[in-house]
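Welcome! Try each one before reading its solution.

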Amino acid sequence: MKKEDIQHLANLSRLHLEESEMQEYAEQFDEIVAYVDKIKEVSGGVDHDIQSYEIKNMLRDDVVKSYQNPEMIIAEAPSHQDNFVKVKKILN
């Protein structure tokens with residue numbers, strides 16, 4: 001990656017980079033690109049196009065479950081009031 005490219009990215013990100021930092025980032029970027037190229041080689045050149053996968057809704061149905069004995073659950077709670085379980089306040 002060229003120094004001008006690093007400077008352009010820094011300007012877009014509103015970062016002030018020294019000359020030494022730009023050189024360091026350019027070297028790191030080249031290492032990252034080389035690593036990505038290695039990963040592509042290992043994958044065997046398989047095209048992982050998102051359109052080749054079937055997209056499914058992975059959400060479950062929202063079902064209200066009824067408990068056999070809600071009084072027992074309330075009785076087991078450390079604190080309860082008016083047939084509700086009391087919990088510690090977590091939001092102000």
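## Exercise 1: the core

The largest nonpolar core is made of five residues, I6, A10, L17, M22 and A26. A nonpolar core is a set of buried Ala, Val, Leu, Ile, Met, Phe, Trp, Tyr and Cys residues joined through side-chain atoms within 4.5 Å. Find which elements each supply at least two residues of this core.

Solution. Step one: the elements are α1 (3-12) and α2 (19-42), each with at least two core residues. Helices (H or I, at least four residues) and strands (E, at least two) are DSSP runs, numbered from the N terminus. Step two: set aside the neighbours of A26 within four places in sequence, and A26 is in contact with M1 and I6; contact means heavy atoms within 4.5 Å.

Before going on, two notes on the basis. This is a predicted model, with residues numbered from 1 along each chain as its sequence is written. Local features need pLDDT of at least 70, side-chain atom pairs count only at pLDDT 80 or more, and totals for chains, interfaces and linings use all residues, while side-chain values use heavy atoms, leaving out hydrogens and water.

## Exercise 2: the salt bridge

Solution. Step one: the side chains of K3 and E19 form the salt bridge, at 3.2 Å from N to O. The criterion is a side-chain nitrogen of Lys or Arg within 4 Å of a carboxyl oxygen of Asp or Glu. K3 sits in helix α1 and E19 in helix α2, 16 residues apart, so the pair links distant parts of the chain. Buried means under 20% relative accessible area, exposed over 50%, and partly exposed in between (1.4 Å probe, protein chains only).

## Exercise 3: the nonpolar patch

Work out which residues make the nonpolar surface patch of about 410 Å².

Solution. Step one: the patch is made by M1, L9, L12, F29 and V33. Patches take residues with over 30% relative accessible area and no salt bridge; like charges are joined within 9 Å, and nonpolar side chains (Val, Leu, Ile, Met, Phe, Trp, Tyr) within 5 Å. Step two: α1 and α2 give two or more residues to the patch. Step three: F29 belongs to helix α2 and is partly exposed, with a relative accessible area of 37%.

## Exercise 4: positive phi

Where does R14 lie, and where is D82 placed?

Solution. Step one: R14 is in the loop between α1 and α2, and its phi is near 60°, a positive value in a residue other than glycine. Step two: D82 is in the loop between β1 (80-81) and β2 (84-85), with a positive phi of about 50°. Step three: R14 counts as exposed at 79% relative accessibility, and D82 is exposed at 60%.

Notes:
Areas by Shrake-Rupley, 256 points an atom, 1.4 Å probe, with all protein chains shown as cover.
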